[in-house]
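Please look over the sequence and the model below. The text after them goes through selected side chains and their surroundings.

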Amino acid sequence: MEDGKMQLPFSSSVFFDTEVKELYLHIGMVQVSEREPSGSFELSMNGTFPLTVRYKNKDIVIEKARYHDGYLHLKVKKGAPHQDRLEGVYFFIKEYNDQISQNDQLMEKVNRLREELNITGFGTAITSESSSPYLDLYIPASKQDKYTISLQRVYDPIVINKDYPISLK
């Protein structure tokens with residue numbers, strides 16, 4: 001609003017230039033998520049560590065695994081010293097997640113655990129200590145000797161960095 005009048009700013013654009021024959025769409029990065037898990041691995045609490053898991057052309061190295069009341073705590077080796085999270089991968093135990101979704105008391109217990117651990121969520125490998133060589137991964141679980149852990153792509157960043165021409169004529 002200027003001098004009691006509404007103004008609509010206009011910027012010159014190639015969209016209005018009749019001489020322009022093509023434009024380019026640049027795609028830098030996309031994030032890919034899956035509806036269903038696309039991988040899994042077996043974790044034995046009595047197994048040897050480190051355990052290397054290959055998923056989507058990435059090696060995930062699990063250095064340690066411990067069970068606590070209601071969850072697994074895995075130590076995942078960082079890929080780089082400054083890494084603060086493992087991008088694009090969600091870890092879970094399908095059978096236990098199904099139980100959680102059908103049992104309100106179990107869901108409340110899991111939510112209390114998350115708050116006690118002071119984590120944003122289960123299933124993602126993160127660290128709050130930048131000096132630590134590990135990422136912490138917490139997965140809701142019941143106590144067992146062996147686990148089948150499912151892996152699912154969630155917001156996995158894929159670098160495209162390409163220009164695509166769009167013909168205007």
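This is a predicted model: local features need pLDDT of at least 70, side-chain atom pairs count only at pLDDT 80 or more; totals for chains, interfaces and linings use all residues.

Residues are numbered from 1 along each chain as its sequence is written, and side-chain values use heavy atoms, with hydrogens and water left out.

Salt bridges come first. The term stands for a side-chain nitrogen of Lys or Arg within 4 Å of a carboxyl oxygen of Asp or Glu, and a search of the whole structure finds seven. One of them joins the side chains of Lys-58 and Asp-156, at 3.2 Å from N to O. This pair links distant parts of the chain, with Lys-58 in strand β4 (residues 58–68) and Asp-156 in strand β9, 98 residues apart. Strands (E, at least two residues) and helices (H or I, at least four) are DSSP runs, numbered from the N terminus. Asp-156 is buried at a relative accessible area of 3%, whereas Lys-58 is partly exposed at 31%. Here buried means under 20% relative accessible area, exposed over 50%, and partly exposed in between, with a 1.4 Å probe and protein chains only. Arg-153 belongs to the picture as well: Lys-58, Arg-153 and Asp-156 are linked in a network of salt bridges.

A second bridge is formed by Asp-136 and Lys-75, at 2.8 Å from N to O. Asp-136 is in strand β7 and Lys-75 in strand β5, so the bridge links distant parts of the chain, 61 residues apart. Asp-136 is buried, with a relative accessible area of 15%, and Lys-75 is partly exposed at 22%.

In a further bridge, the closest N and O atoms of Lys-109 and Asp-69 are 4.0 Å apart. Lys-109 sits in helix α2 (residues 104–117) and Asp-69 in the loop between β4 and β5, 40 residues apart. Lys-109 is partly exposed at 30%, while Asp-69 is exposed at 59%.

Strand β7 (residues 134–140) also holds Pro-140. Is Pro-140 buried or exposed? Pro-140 counts as buried, because its relative accessibility is 7%. Beyond neighbours within four places in sequence, Pro-140 is in contact (heavy atoms within 4.5 Å) with Gly-70, Tyr-71, Ile-93, Tyr-96, Ile-100, Val-110 and Phe-122.

Gln-83 lies in the loop between β5 (71–77) and β6 (89–92). A polar atom of its side chain is 3.0 Å from the backbone oxygen of Arg-85. Outside four places in sequence, Gln-83 is in contact with Lys-78, Thr-127 and Leu-135.

Aromatic rings of Phe, Tyr and Trp (its six-membered ring) pair if their centres lie within 6.5 Å; planes under 30 degrees apart count as stacked, over 60 as edge-to-face and the rest as tilted. By this rule there are two aromatic pairs. The rings of Tyr-90 and Phe-92 have centres 5.1 Å apart and planes at 20°, so this pair is stacked. Tyr-90 is partly exposed at 25%, and Phe-92 is buried at 8%.

Ile-166, in strand β9 (residues 156–167), is partly exposed at 41%.

Definitions and conventions: A polar contact is a pair of N or O atoms within 3.5 Å; within protein, one must be able to donate a hydrogen and the other to accept it, and residues adjacent in sequence count only if both atoms are side-chain atoms.
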